[in-house]
Amino acid sequence: MRTSLAAVLISGLGWAQTKISTTGYNQPPKAILDVMRAPSPPSPVISPSRDRLLLVAWEDYPSISRVATPYLRLAGVRIEPKNHSRHDTPGGYGIVPAALSYELVRVSDGTSIPVKLPEGGIIQAPIWSSNGLRFAFSRVTETSVELWIGDAQTGVVRPIPGVWLNQMLGGEVQWMPDQKTLLVKAVPDKLGPPPAAADVLPGPSIQESIGGKGQSSTYETRDTLGNPHDEDVFDYYSTSQLTLVDATTGVVTPVGERDHYLQARPAPDGRHLLVSTLRKPYSYVTTFERFPREVAVWDMGSRSAITKHLLASLPLADRVPIHGEPLGPRQFAWRPTEPATLIWAEALDGGDWKTKVPHRDKVMMLRAPFESAPVELFRTEQRFSGLMWGERPGLALLYEYDHNKHWTRTFIVNPDAPKQAPRKLWDLSTEEQYADPGNPVWRPLPNGAAVLRQEGEFIFLSGQGASPEGNRPFLDRLDLRTLKTERLFRSGKTEFEMFVGFTGPDSKQFLTWHQSPLDPPNAYARSLGKGIKAPAGEAAFASQRKALTHIPDPTPEVRQIKKHLVTYKRADGVDLSFTLYTPPGYREGTRVPAILYAYPLDYADPAKAGQVSGSQYTFTRLRNYRLLLLAGYAIIDNASFPIVGDPTKAYDTYLDQLVADAKAAVDKAVELGVVDPGRIGVTGHSHGALMAANLVAHSPLFKAGVATSGSYNKTLTPFGFQNERRSVWEAPEVYRQVSTFFFADKLKTPLLIMHGADDANPGTTPLQATKLYEAIRGNGGTTRLVMLPFEPHWYSARESNEQLIYEMLRWFDTYVKNPQPVATPRK
């Protein structure tokens, strides 16, 4: 076993031996605890061939011992040194969940086979081959990340000996175009011990800037590199060996030399690789995504040596404008319908949305053998945001995005005749929900690449189907000649059923994932056919369905909870909505204490701000604040909190709009006769936590607030926040008005502040919570600060989540449900 740096971090703690005392943690009442600890329904992972699916049951809450596993912070990556596994998701959003079980289900008849997974370790998500014959997955153990292969016919799984995956920079496992070989990033053999820290500090950490603006996100300083030793450690753990693994024989073949590989993507011909490799100099102010890199194509056709074609040497991108793009080629991708043709984009405006130019980007193409000059295919008026290729020549969808207007356009283009005029397909606001046409349905090619599913001149679209009554997912057929759509399927009005994928060579059979407030999610086989009577106003095609899975309800007691979609208006006429949950045993006409939860969103168009999203007909699951329903609270859930205005200055009126949003929601909940106006609390997470803190500071509507993992002093994120693109020096008063910290002397309503002690999300560093607490405390306010050890931006551990609900319930019971009467001062 290779030497690790764990001892440097926490002496005596190992991956499997980490023992954390839980005596300091509290738990909510048993009724809540039982629901928290009940297993969640499994999730489907559909094979690209659509003939099988894997039902994967996930671990909801790992133990605090696992969350406390020692890790290194290296340029935005948190890596466990003993096994080279990622400690959490990018940005510090939580520990990657472990799979508790796999179950193979055959789509044709619903028969299932349990997959006997290896005991011990942490099983991760499966990766299907496009032919649906095999699936791969990784198993994290104390000393390595193993590679396993599963047979989709039998469910038998086996390890690949001698392959130790390196998860440091992601993309560590993918299928080659032959669908029987895997390309992996492996920890190199004989890597040796990691760089040892010097006994004596080698000297100061030095950074220097000589002119030029340098805007970047605000990162937790402990997560960026800080000195030459950090660079050496980053180099050590980011070093990988590209390796080919034969999934049938288990033969392992190294490819090229060990290096700091960021990406390696095979061309459809299986001969060429697009390889992106990190290079120095590194930065101490940003994460590895902005580090210099080389992009090259490797030709592996020769048995004697690999031929490399350098495409770009991209410099350090630590001075990119807010919401801008770095200079040089970006978004490299293979054309899926040709053996080895590359596509990429380049900015024509310096990567700066403030620059006025006729075209912002150009789209380039280069074919093998990559020795000629690239050809320009298209220019986009706004920022290029992707191509989706047809499965037949001469068709692609070109997407562009206008950041200034929150607008997107989609064109039908012919990449084989780029001078042919594009046909505009869609032209709409990115905030549009009711008229959202949905996403094109794709089909996997034999090489594994995804292309538009075509039947003659038709393609297919599936979407959430937002409407004033809530989401009703749909499946449409689009005629590329007339650009008209025909609805093939739409979810029923009192259920939530979404299209998953076609199961045959034509569009007559498909899979859906169905649920209702009383029915847990399950897979259904659908068959389309004319002549079946459909309700008035519904799709011209109706369909029959057959249950493929029979997942039971893990928490029947939760079915007593009722929920209703409620619509209303803000004082200025903006349409709003929320979902009102009532607690078990609720009696109509009685008023109960309530908790409002929301997350503010930015809108350029007030007409789009009021569009209803979500559905009241999904299967009710209780997580986080919703668990307080079991303690007798109503929940005003996902209340619309739009911040409307010109995207360049929407936050000029942030506070006024925030209070108006809250007043409209509270007034409506009270008008319904459910909520006691004198007993309402508010809570929110991240940007919603700032909302909660500001509402208790600037509004009399709430008796108490709970703010989790928020950012309360925006001057500490001086180069923008959310969609605010001005810096603090351009709009100092906006930054001050948005920041609760500067109004701590006015904050007298009780505020509970909770935060993950290891939050790495840019802008919500733990310092934000401690400084707000100190400010409120120093000004005589009522507040409580709970820092959850080892937790990132979203809380992972079972113990932490139980503590979260304990704290919320205790706080709201004290200051909302059972507030103490205020003593009347004597005259």
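Mentor: The model is predicted, so local features need pLDDT of at least 70 and side-chain atom pairs count only at pLDDT 80 or more, while totals for chains, interfaces and linings use all residues. Residues are numbered from 1 along each chain as its sequence is written, and side-chain values use heavy atoms, with hydrogens and water left out.

Trainee: Why is His 84 called buried?

Mentor: Buried means under 20% relative accessible area, exposed over 50%, and partly exposed in between (1.4 Å probe, protein chains only). His 84 has 2% relative accessibility, so the residue counts as buried. His 84 is placed in the loop between β4 (77-80) and β5 (85-86). Beyond four places in sequence, its contacts (heavy atoms within 4.5 Å) include Trp 164, Tyr 236 and Tyr 237.

Trainee: Is Glu 231 buried or exposed, and what makes it so?

Mentor: Its relative accessible area is 15%, and therefore Glu 231 is buried. Glu 231 belongs to helix α4 (residues 228-238). Not counting residues up to four places away in sequence, Glu 231 touches Leu 225, Lys 280, Tyr 282 and Tyr 284.

Trainee: Why is Phe 742 called partly exposed?

Mentor: Phe 742 has a relative accessible area of 32%, so the residue is partly exposed. The loop between α8 and β48 (751-756) holds Phe 742. Leaving aside neighbours within four places in sequence, Phe 742 is in contact with Asn 713, Thr 715 and Arg 736.

Trainee: What makes the pair of Tyr 568 and Phe 578 tilted?

Mentor: Rings of Phe, Tyr and Trp (its six-membered ring) pair if their centres lie within 6.5 Å; planes under 30 degrees apart count as stacked, over 60 as edge-to-face and the rest as tilted. For Tyr 568 and Phe 578 the centres are 5.1 Å apart and the planes stand at 50°, so the pair is tilted. Tyr 568 lies in strand β40 (residues 562-569) and Phe 578 in strand β41 (residues 575-582), so the pair ties together parts that are 10 residues apart in sequence. Both Tyr 568 and Phe 578 are buried.

Trainee: What describes the aromatic pair of Phe 719 and Trp 729?

Mentor: This pair is tilted, with 5.5 Å centre to centre and 50° between the planes. Phe 719 is partly exposed, because its relative accessible area is 25%. Trp 729 has a relative accessible area of 61%, so Trp 729 is exposed.

Trainee: At what angle do helix α2 and helix α10 pack?

Mentor: Helix α2 (residues 30-37) and helix α10 (residues 798-817) pack at an angle of about 145°, with their axes 11 Å apart. Axes are lines fitted to C-alpha atoms, for helices over the stretch in contact, and angles run from 0 to 180 degrees between N-to-C directions. The contact is made by Ile 32, Leu 33, Met 36 and Arg 37 of α2 and Arg 798, Asn 801, Glu 802, Ile 805 and Leu 809 of α10.

Technical notes:
Helices (H or I, at least four residues) and strands (E, at least two) are DSSP runs, numbered from the N terminus.
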